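Welcome! Take a moment to look over the sequence and the 3D view, and then let us walk through the spaces, rings and contacts together.

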Amino acid sequence: MNGVGFLNSPFFITVVGGLSVSLVGHLLVRAHSRGERRLARERAIQDKQMSIITSFASDFDAYLSVRGSFLLRSAWLDANTSDDARDKYGRTRSQVYEDRRELWLLLMKTRSGLSMLAEINSVFEHDAVRALVVRLVAADDALDSGSSEVVTSQVQELGRLMGALVLAMGAEMRKPRG
């Protein structure tokens, strides 16, 4: 049997055919497995994004409410140093001080806005989301002091930015990932 005859032999054709079928099967299984892992990863990211959107909408609102109330009480106390002063609800300075202290304790138990925004920044990738996160961080930093009017205005701006961020995160979820 010469060299060319061996290539035409049933044994050689069976071995080469078997190896070819085995290789193609292996490549198909590998491609399918890779696709399944990619889909699972995409599903996990979408689940995480949805979880962040729902928790952020309520948690940031609660944080903002407590922090804004604390700062409003602080602004009133700074502006009204007389012991016999009363706020618009008729509370004395010592009652407003006590309210502020309770709000401070509640604020310490509330998840910070910065940690929520950092989590969003780590999971969402679109420029619109990241730009709103930067604007919210800056607005949150600016909320540290001021008159009642300034604090109220800043809290309202943070609320508007929060709404825009939730919408931007939802828009990112609807776009296919590439």
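## An enclosed space

This predicted model holds one cavity of 30 Å³ or more. Here a cavity is a set of points, on a 1 Å grid over the protein atoms alone, where a 1.4 Å probe fits but cannot get out, and lining residues have an atom within 4 Å of a point. About 40 Å³ of space lies in the largest cavity, where a volume is the space filled by probe spheres set on the points, and grid points are joined across faces, edges and corners.

Which residues line the largest cavity? They are Ile52, Ser55, Phe56, Asp59, Arg111, Met116 and Glu119. Helix H2 (10–79) and helix H4 (113–123) are the elements that give two or more residues to this lining, and H2 has the largest share with four residues. Helices are DSSP runs (H or I, at least four residues), numbered from the N terminus. By residue type, the cavity lining divides into three nonpolar, one polar and three charged. Nonpolar covers Ala, Val, Leu, Ile, Met, Phe, Trp, Tyr, Cys and Pro; charged covers Asp, Glu, Lys and Arg; the others, Gly among them, are polar.

## An open pocket

Now turn to the largest pocket, which has about 250 Å³ of space. A pocket is an open set of points with protein on both sides within 12 Å along at least five of seven lines. Its lining is made by Leu72, Arg73, Trp76, Asp87, Lys88, Tyr89, Arg91, Val96, Ser148 and Thr152.

At least two residues of the pocket lining come from each of H2 and helix H6 (148–174). The largest share, three residues, is again from H2. Sorted by type, the pocket lining has four nonpolar, two polar and four charged residues.

Phenylalanine 60 and tyrosine 63 make a tilted pair, 5.6 Å centre to centre with 50° between the planes. These two residues are separated by about one helical turn, because they sit three residues apart in helix H2.

## Two polar side chains

Glutamine 49 is placed in helix H2 and is buried, with a relative accessible area of 1%. Its side chain makes a polar contact of 3.5 Å with the side chain of glutamate 172. A polar contact is a pair of N or O atoms within 3.5 Å; within protein, one must be able to donate a hydrogen and the other to accept it, and residues adjacent in sequence count only if both atoms are side-chain atoms.

Threonine 110 lies in the loop between H3 and H4. A polar atom of the threonine 110 side chain is 2.8 Å from the backbone oxygen of leucine 106.

## How to read the model

The protein chain averages a pLDDT of 88, and 94% of the residues score at least 70; pLDDT is the predictor's confidence in each residue, from 0 to 100. Among the elements, helix H1 (residues 3–7) has the lowest mean pLDDT (65) and helix H3 (residues 93–109) the highest (96). Where pLDDT is low, the predicted coordinates should not be read in detail.

Residues are numbered from 1 along each chain as its sequence is written, and side-chain values use heavy atoms, with hydrogens and water left out. As this is a predicted model, local features need pLDDT of at least 70 and side-chain atom pairs count only at pLDDT 80 or more, while totals for chains, interfaces and linings use all residues.

How values were computed: Buried means under 20% relative accessible area, exposed over 50%, partly exposed in between (1.4 Å probe, protein chains only). Rings of Phe, Tyr and Trp (its six-membered ring) pair if their centres lie within 6.5 Å; planes under 30 degrees apart count as stacked, over 60 as edge-to-face and the rest as tilted.
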